[in-house]
Amino acid sequence: IAPDAAWRDEVLELARKQDAVILAHNYQLPEIQDIAHHTGDSLALSRIAAASDASTIVFCGVHFMAETAKILAPHKTVLIPDERAGCSLADSITGEQLRAWKAEHPGAVVVSYVNTTAEVKAETDICCTSSNAVDVVASVPADREVLFLPDQFLGAHVKRETGRENLHIWAGECHVHAGINGPELAERAAANPDADLFIHPECGCATSALYLAGEGTVPAEKVKILSTGDMITAARATSAKSVLVATEIGMLHQLRRAAPEIDFRAVNDRASCRYMKMITPTALLRCLREGRDEVHVDLATAERARGAVRRMIEIGQ
Ligand code: 13P
Ligand code: SF4
């Protein structure tokens, strides 16, 4: 299906008739971002899902995001246009692995990135996203051990920012962000000496960026480690004429909309998440026509996970 005016009209009309709100993550295809009622990062979209009056949420993102919306709003119908849209990072720890890790550190506070399954969230004390991970960990009393999971690069960023020694980090990663590596970033930064660097903390190159700043290759004020939502705020605030962006390439669309005068370039233009891209115009229309795929979370699991997710949306407001 072509994302033309007829497609647009039908999607919006079906959404209106079904009292549905369409949410799209910043990594979605441009046509999906453009038709959504709200676009944003995972924290912003969770907050919108929790506060929305709509009786149906159509989540254009990956499965754990739709599941998080269902945990927050159990009485709403939550739909995802393709339930196969998974996440390699969420798959990097299971509930059973987390239970075993907790048994090795009795009394530790479990902080899980929102990129986790509902089962993992049910074993978690506080969830976080990339935009509030530092605030969430800083909210834990300094003498308590913290188990941070599943992303090792976000964990390293939080450890650097909080200076916490009692933070244990799970060795998971997102295949898309881990693949944006240090040598590639160094090469791009050398070729674009005036550019700002916007780097998502899940990237393999986040440490290298700080290293480049430390050795003076790139001025420190040009290196910004940011969630996808914070990249948009930073784009509006910077005086730079060009920006190198290290994250999933769907992000470039919102950045170009926010600051059309800036030349945004991907550090790695192959950094595309195949799961995010499963939400096609055809899948979105089918979702609204046929009411699928519906997201279900077992009630007992949702009940156990809800406190951790609520704490996440309250911290860093
Ligand atoms: P944020 O929207 O929290 O920056 O998330 C990044 C991500 O990888 C989601 O899949
Ligand atoms: Fe998961 Fe990575 Fe895709 Fe985000 S970009 S949904 S973390 S696999």
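Q: A residue is buried if 20 or more other C-beta atoms lie within 10 Å of its own, exposed if 12 or fewer, and partly exposed in between, with C-beta atoms placed from the backbone. Why does Glu-221 count as exposed?
A: Glu-221 has 9 C-beta neighbours inside 10 Å. The limit for exposed is 12 or fewer, so Glu-221 counts as exposed.

Q: What kind of model is this, and how is it numbered?
A: The model is predicted; local features need pLDDT of at least 70, side-chain atom pairs count only at pLDDT 80 or more, and totals for chains, interfaces and linings use all residues. Residues are numbered from 1 along each chain as its sequence is written, while chains are lettered from A and ligands numbered from 1 in the order in which they are written.

Q: Where does Glu-221 lie?
A: Glu-221 is in the loop between helix H11 (206-214) and strand E10 (223-225). Helices (H or I, at least four residues) and strands (E, at least two) are DSSP runs, numbered from the N terminus.

Q: What makes strand E11 mostly covered?
A: In E11 (residues 242-246), four of its five residues are buried.

Q: How do you know that E11 pairs with E9 and E12?
A: Two strands pair if DSSP finds at least two bridges between them. Strand E9 (residues 196-199) and E11 share four bridges. E11 and strand E12 (residues 263-266) also have four. Both counts meet the limit, so both are pairs. Each runs in the parallel sense. Phe-198 stands opposite Val-245, and Val-243 opposite Phe-264.

Q: Why is the β-α-β unit of E11, helix H13 and E12 called right-handed?
A: The path runs from E11 over H13 (residues 251-258) to E12. With the strands pointing away from the viewer, a right-handed path from the first strand over the helix to the second runs clockwise, which is what the label states here.

Q: Which residues make the shell around ligand 2 charged or nonpolar?
A: Ala, Val, Leu, Ile, Met, Phe, Trp, Tyr, Cys and Pro count as nonpolar, Asp, Glu, Lys and Arg as charged, and the others, Gly among them, as polar. The shell has eight nonpolar, three polar and one charged residues.
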